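Subject: Structure handover

Hello,

Here is the structure I promised to pass on. Please open it first, then read the notes below it.

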Amino acid sequence: MLESIILPQLIINMQNNLKKLNNSGKFYRGLLSGSALGMLVTAGLVGPGMISPSALAAPTGGMVREGSGDITIAGNITTIAQTTPRAVINWQKFDVLSHETVRFQVPEGGATLNQIKAAVAPSHILGTVTSNGVLYFVNQNGFVFGPNSSVTAKNLLVTTQNLDSGQFIANPTDARQQFIAADVAPAKIILQGKVTVADHGFAVFFGPNIQTSETSVITANYGSVVLAAGKVDNFAKDQNGFAVFKYGRNSQGQSIQNDGIIRAAAGRVTLAVAAAESSYQGLVENNGSLDTRNGEDTGGIIALVAQNGVVRLNQGLVMPGKNGSVIYRQDKPDEDIIVDDTFLNKLHYESGVNLDLSSGYGLMVQSGLPAARDSFLTLHARVGLVVRAGLTLAGLAASSLFFTTDHPITVGAGGLKIISTGENWSYKGQNSAGITVNIGSDPAAIALLAQNGGDMSFIAQNGGRIFINNSISGHNVTASGNGIRINGTVTGNDIALKAENTGNIWLQGAITARNLDVVAAGGAVDFLGKIYLFNPDGTGGNLNAQVKSQPRSIEFHQAVLATNLRVANAQGNIAFDQAILSDDGSKLPAKIQVAGKGATSFATDVGVRPGGVFEIEAGRLYYRNINANQSHISIILTDPSNNASYNKGEAGKNAPNNNENTAATACAGNTNCRGQTSLELDEHIKFDHAPAAYFEAPGRIDVYAHVTAHDFTLVSQHNRFLGRSKIEVGEGGNINLTEYENSDFTANMLEHFGGPGFNGANLSLSSFADLRILAPLTVAHDRNVVLAGRTINFIADVTVLGGKATLIFNRQAGGLGERPARYLAINTTPIEVIFDQTINHRLKFIGDAKLEVQSYGNLTLRGDKFNFAQADFIVNDKHILSIAAPIAVSQHLGLSSDGEIYINQPVTAAGGFEQIKIVTPDPHKYLHYGVYGWVGRSE
């Protein structure tokens, strides 16, 4: 027998003498190489009865590529004393007989890469190999570790693939190692002896065929044991120090067979085979023991993985330990994973064990799968998942159930049951088949339950849809897919439903939750059941429903009870068929915000509680009665179509697509309306004492109502005040009126505003065209009047009282108080302020009142004479200021411009030159005195 042959002392002495030729600190390159042994034979030193060079058992032909150290041989012991942290050695052969020992002595944290390059046969390690560091072995012809072999190291990697030695040297932490892409020879790694690595270390074996025998024991407590068949791209350690690897393309691993004992207390054990070619079938067999128990509540992870292959448990045992995990994955066509009592017994599956089962074909559950405290159960089947027995999570704290499938899930009468506390459920479907849950007729299994803090999740990927024919209950419930249909009720704390692409969301049953978030990328949303959103502590009660694109609808067919509602539809219609209330149904919600391009309809009365918010933006609006007393109210209509809509609906006749309401179109026969969507404010809209009341329409706004509000804003083609309408804003409030066409401020309007002083309110009159003041205006003490238009033409008197009252001319269409930014329109067209008669008659300033002119273009003041008694005349201009009338000032005159100032008429001040002040960037460059010259002083 080869292992029984003892080297003659002559050859041993010759080896020792040759080693003395080694340079200090360097391995002898070519130690006992073929040429050296050949000289022994030629000299007649090898005679009859002596061993031939080929029978030499100890590692031979060691050649150093990187690093340094010494090799010594004393009897049956070969010692490699490495003096650099990392070294790469090329060997002609690396065999160790049963009575031989090879010792690697490396610096702290050191590693040695042993490449058996010249061998044409497997390396036979029948004896002992030890290292205080990390050992890497590479032999494309394979390895045989005999029954009496013993390998001990900090970490060990054995592979039939070539490693990138340059990266090995450059990576001193073993964090990542790269394999050189090459075909893997059909070699084997046979393990019959003992392999032991340090705690938290790794024992890794890569080859196309790996087999352990009944005498094999591999130990890596708190670390990793990996047996992987297939072409590996790289090997690394994760953030927790466990060994991980990545298969390359076209892997052709054949089999992993474990007949021995593999121990990794609280660590990880992986048996994996990869075969990327569809015609090839890989095999993982376990006839031995896989054990990650450590006697505590910290079991390890055991993974049995066959890519395009099959896993056979046979008579082996898989023991993950309490709170440990088993990952079982196979991908063999036409072969299901059958989960029965025999299968579970082999896995030592018990309460508290996490289980992940994945099948490339079908998965059939025929036995109950109890999972307890803090445990997880994951089931995946590409072709179909069939559950014939009940799945039960029965624990005291958080447990989770995850379903993933490429095809529908079928659940028998045993159902899916969670019968205790704190469980999480997750369904995850891949590809286009989506998820279908259809529990049988067993009344106890009708609902999918995740109780006492447990979450429930449904995820359909890659275009898959979700169909659930049962009720759902969980702490938080989430669902995401190309479409969602739930025929039962949904109960939870926070519910989030999301449909991708053009998928619809269809909810048949009632929804009870604290918050509901429903988002469809481009599909329709239908709520057929009652929505009841509440929270005992007063928080929550929020509804968010959106369609982000496409002209699809959002419809609420039953009552909605919520504190806050936000409904947005980018292109389509929004319909509420029943009442909108909050809490127990007797109170109005605090906030209703609806935004969309289509029509919005309320079939019943709608409103918000005092102090609330009611905001509607829609193409068209249909309603019965709106109650926004003492609340912020905003209604914006945006549809510019010629099909005008009348906005006072009737019960049963207010569907969003119903353009033929019983009332006649508001714009009929009215050229000012131009057939655009209009708005009528009457007794059907109640907004007394509103903090802000904002109304906008592309057509006309007709006001018949009595309005009391702090801020009141109308923006339309044309605003009309009819009947007994009255606007009461009160002291310090704001009235903002903006029209897109030419605007006239008349005495009739003043009557509806409570008289010339507007009840002490601020006033803004804006036109995107021309503005005419046809009725006398009075600017009250400490108040402001803003007049904006292309031209501002005074036909009647304007009186500005004292107390810092201000009259402002502005080209910016807009006003005072709260209003959206879209309401402002800055135009750089020149602005003219025209006084048809003497300024003394048309514009009066009393006390310390003030006039400001804010122009974003060029400003021209035209009139007979400017004579402001006891007042300041302050003109602020952004570009060019032109004074086209003589100005007489009793007190002060101030002109300020960032651009040029043209003064073409005389300017006089009763108090002398000191009462006149002009500010420009450069008075000599930007002041133009005209033909009259300048009578004041410039600064």
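A residue counts as buried under 20% relative accessible area, as exposed over 50%, and as partly exposed in between. K726 has a relative accessibility of 32%, so K726 is partly exposed. Please keep in mind that this is a predicted model.

**The chain as a whole**

The protein chain has 939 residues, and 54% of them are buried. Its secondary structure consists of 7 helices and 96 strands. The accessible surface is about 36500 Å². Carbon and sulfur atoms contribute 49% of that surface. Now take the contacts with a separation of 6 or more: 50% of them are between residues 24 or more positions apart.

**Two open sheets**

Strands of a sheet pair through backbone hydrogen bonds, in a parallel or an antiparallel way.

Q257 stands opposite E285 in β25.

Another open sheet has 3 strands, again with parallel pairing. Its order is β63-β66-β69. β63 and β69 (685-686) are the edge strands. Each has a single partner strand, so one side of each has no neighbour in the sheet. β63 and β66 pair over 2 bridges, in the parallel sense. Across this pairing, V606 stands opposite I626 in β66.

**Salt bridges**

Side chains of opposite charge can pair when their charged atoms come close. How many salt bridges does the structure hold? There are 15. Here are some of them.

- D605 and R624 meet through their side chains, at 3.7 Å from N to O. The pair links distant parts of the chain, 19 residues apart. D605 is in the loop between β62 (599-602) and β63 (606-607). R624 is in the loop between β65 (620-622) and β66 (626-627). D605 is partly exposed at 43% relative accessibility, and R624 is partly exposed at 29%.
- R720 and D702 meet at 2.9 Å, N to O. This pair also links distant parts of the chain, 18 residues apart. R720 belongs to strand β73 (residues 718-721), and D702 belongs to strand β71 (residues 700-703). D702 has a relative accessibility of 5% and is buried.
- E728 forms a salt bridge with K726, with the closest N and O atoms 3.8 Å apart. E728 is partly exposed at 26% relative accessibility. K726 is partly exposed too, at 32%.

There is also a network of salt bridges, which links R312, K332 and E335.

Start with I616. Where is it placed? I616 lies in strand β64 (residues 613-618). Its relative accessible area is 2%, so I616 is buried. Leave aside the neighbours within four places in sequence, and I616 is in contact with V594, F602, L621, S634, I635 and I636. V567 is 49 residues away from I616 along the chain, and the C-alpha atoms of the two are separated by 9.7 Å.

Then go to N573. This residue sits in the loop between β58 (564-569) and β59 (574-576). N573 is buried, with 15% relative accessibility. Which backbone atom lies 2.8 Å from a polar atom of the N573 side chain? The backbone nitrogen of A599 does.

**Where to look first**

Next, go to the D605 and R624 salt bridge. Finish at I616 and the residues in contact with it, including F602 and I635.

Best wishes

Definitions and conventions. Residues are numbered from 1 along each chain as its sequence is written. This is a predicted model: local features need pLDDT of at least 70, side-chain atom pairs count only at pLDDT 80 or more; totals for chains, interfaces and linings use all residues. Side-chain values use heavy atoms; hydrogens and water are left out. Helices (H or I, at least four residues) and strands (E, at least two) are DSSP runs, numbered from the N terminus. Buried means under 20% relative accessible area, exposed over 50%, partly exposed in between (1.4 Å probe, protein chains only). Contact means heavy atoms within 4.5 Å. Accessible areas come from the Shrake-Rupley method with a 1.4 Å probe; for residues, only the protein chains shown count as cover. Two strands pair if DSSP finds at least two bridges between them. A salt bridge is a side-chain nitrogen of Lys or Arg within 4 Å of a carboxyl oxygen of Asp or Glu. A polar contact is a pair of N or O atoms within 3.5 Å; within protein, one must be able to donate a hydrogen and the other to accept it, and residues adjacent in sequence count only if both atoms are side-chain atoms.
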